[in-house]
Amino acid sequence: MTKDWNPALYRRYEDERTRPARDLLARVDLDPPANGRPLVVYDLGCGPGNSTELLVERFPGARVTGIDSSEAMLADARARLPGCGFERHDVAEWQPEDAPDLIYANATLQWLPGHEILVPRLFGLLAPGGVLAVQMPDNREEPTHRLMRAVAGEGPWKETIGEAALVRTKILPLDAYYDLLAPLAAETDVWRTAYQHPMASPEAIVDWVRGTGLRPFIDPLSGEQRAGFLADYTGRIAGAYRPKADGKLLLAFPRLFFVARRPR
């Protein structure tokens, strides 16, 4: 992707984006360290700090650090939580200074390839008894994402966009994550939830995905190309999402979760 993230656009649907972060955190159970030291908590892909804020509230006194590769997102997070630590790293290569009691990754790992290696590596970084908690969008086959790939491959912008569909990795099936972690973990929990978000219009749905999944497709385009792409895409979204009884459109958003605890 050629441009940095846009925190303001991402925050436009912050309540909806934070809901799965809360649901993931609700399944995390951490015991205080036996030696009385503070819990060490890392938020991988912290974005503008909405998920980090949940961690700070849930674990008062913990040493919470947000990790992100976007300087724009980190600046937003620092302004939001000035007393919290934030660091710029590529999550694929990140190594913590101290063994974490919690590695929490909300809507982050779907951007990284090689989960067969990445997920066990992250799990292996944990302190004894530590927890790896992950949530990822599982919506590549939803109309929002199928249609952005279709528009990208059919319009005059095809060559400019190139292989944008490959920027976001194809995540593994749910049971594959269980198989990766269960032999290593004392406890492993996997589940999938399809959230249903009422949206005001096709344009609102497009606005939602412009903050995340649509970025690799439209960021390389000129102003004229981008306008053409978005007009085509918005028309197809209008055809795929029909108004419900109250006139709103129901955006289905499946998400995959797993939580695993390292043996003590």
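The structure contains an open sheet of 7 strands in the order 3-2-1-4-5-7-6, with mixed pairing. Strands (E, at least two residues) and helices (H or I, at least four residues) are DSSP runs, numbered from the N terminus, and two strands pair if DSSP finds at least two bridges between them. Strand 3 (85–88) and strand 6 (187–199) are the edge strands, each of which pairs on one side only. From one strand to the next, the twist averages 20 degrees; axes are lines fitted to C-alpha atoms, for helices over the stretch in contact, and angles run from 0 to 180 degrees between N-to-C directions. This is a predicted model, in which local features need pLDDT of at least 70 and side-chain atom pairs count only at pLDDT 80 or more, whereas totals for chains, interfaces and linings use all residues. Residues are numbered from 1 along each chain as its sequence is written, and side-chain values use heavy atoms, with hydrogens and water left out.

Strand 4 (102–106) runs parallel to strand 1, to which it is joined by 4 bridges. Strand 4 also runs parallel to strand 5, with 5 bridges between the two. Strand 4 is largely enclosed by the rest of the structure, because 5 of its 5 residues are buried; buried means under 20% relative accessible area, exposed over 50%, and partly exposed in between (1.4 Å probe, protein chains only). Both faces of strand 4 are covered, with L102, Y104 and N106 buried on one side and I103 and A105 buried on the other.

Strand 5 is likewise mostly covered, with 7 of its 7 residues buried. On one side of strand 5 the buried residues are V131, A133, Q135 and P137, and on the other they are L132, V134 and M136. The pairing of strand 5 (residues 131–137) with strand 7 (residues 249–261) is antiparallel and extends over 7 bridges. Within this pairing, V131 stands opposite R261 in strand 7. Helix 5 (residues 115–124) packs on the sheet and touches strand 1 (40–44), strand 4, strand 5 and strand 7; its direction makes about 145 degrees with that of strand 5. Contact here means heavy atoms within 4.5 Å.

In an unreviewed entry, UniProt lists residues 43–132 as "domain: Methyltransferase type". UniProt positions are given in the numbering used here, feature names are shortened, and annotations may be inferred rather than shown by experiment. The span 43–132 is 32% helix and 21% strand, and its end C-alpha atoms lie 11 Å apart.

Individual residues were also examined. G45 is found in the loop between strand 1 and helix 3 (50–58), and at 18% relative accessibility it counts as buried. Leaving aside neighbours within four places in sequence, G45 is in contact with I67, D68, V91, N106 and T108. The C-alpha atoms of G45 and V91 are separated by 7.4 Å, although the two residues are 46 residues apart along the chain.

H197 lies in strand 6 and is buried, with a relative accessible area of 4%. Not counting residues up to four places away in sequence, H197 touches E16, W208, L249, L250, L251 and F253. H197 and L250 are 53 residues apart along the chain, and their C-alpha atoms are separated by 5.6 Å. By contrast, E163, in the loop between helix 7 (158–161) and helix 8 (174–181), counts as exposed at 59% relative accessibility. E163 and E97 are 66 residues apart in sequence and 35 Å apart in space, C-alpha to C-alpha.

A search of the whole structure finds 6 aromatic pairs. Rings of Phe, Tyr and Trp (its six-membered ring) pair if their centres lie within 6.5 Å; planes under 30 degrees apart count as stacked, over 60 as edge-to-face and the rest as tilted. One aromatic cluster is formed by W157, F229 and Y233. A charge sits over a ring if NZ of Lys or CZ of Arg is within 6 Å of the ring centre and within 35 degrees of the ring normal. R17 lies over the face of W208, at 5.0 Å from the ring centre, and R27 lies over the face of W191, at 3.9 Å from the ring centre.
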